[in-house]
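Student: Please select one part of this model and describe it closely, in a connected account.

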Amino acid sequence: MRFGLFGRKEKRGENPALAAIKAWVRQIAGLPEETVIAANEIICADPSCPGTETIVLIMEPGQETRAIKISLAADEITRADVEVALAAEQSA
């Protein structure tokens, strides 16, 4: 059975930088496998935005979704950047 009007011709692979960010978030925050972590790099055209930033959504069962923003492109982000972003999110 086919869903949707436009099927994908080929399966897209996950960006290795985004995969690393998600793994760091899971490790640093000590999140269980049931927690869904999504990471996306976006480009904001608004002059007040930093331009390219990476947004990480943390979706724990039974809790509100949390979002952390890192004002860097995904391939520029280090584990230390993720640690700082998570610490800032937890202190807010």
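Tutor: Two strands are said to pair if DSSP finds at least two bridges between them; strands (E, at least two residues) and helices (H or I, at least four) are DSSP runs, numbered from the N terminus. The model is a predicted one, in which local features need pLDDT of at least 70 and side-chain atom pairs count only at pLDDT 80 or more, while totals for chains, interfaces and linings use all residues. Residues are numbered from 1 along each chain as its sequence is written, and side-chain values use heavy atoms, with hydrogens and water left out.

Strand β2 spans residues 52–59 and strand β3 residues 66–70, and five bridges pair them in the antiparallel sense.

Salt bridges (a side-chain nitrogen of Lys or Arg within 4 Å of a carboxyl oxygen of Asp or Glu) extend the picture. R66 forms one with E89, the closest N and O atoms being 3.1 Å apart. Because R66 lies in strand β3 and E89 in helix α2 (residues 79–91), this pair ties together parts that are 23 residues apart in sequence. E60 joins R66 and E89 in a network of salt bridges.

Helix α2 also holds both E83 and R79, four residues apart, about one turn of the helix. Their side chains meet in a salt bridge at 3.4 Å, N to O. The structure holds four salt bridges.
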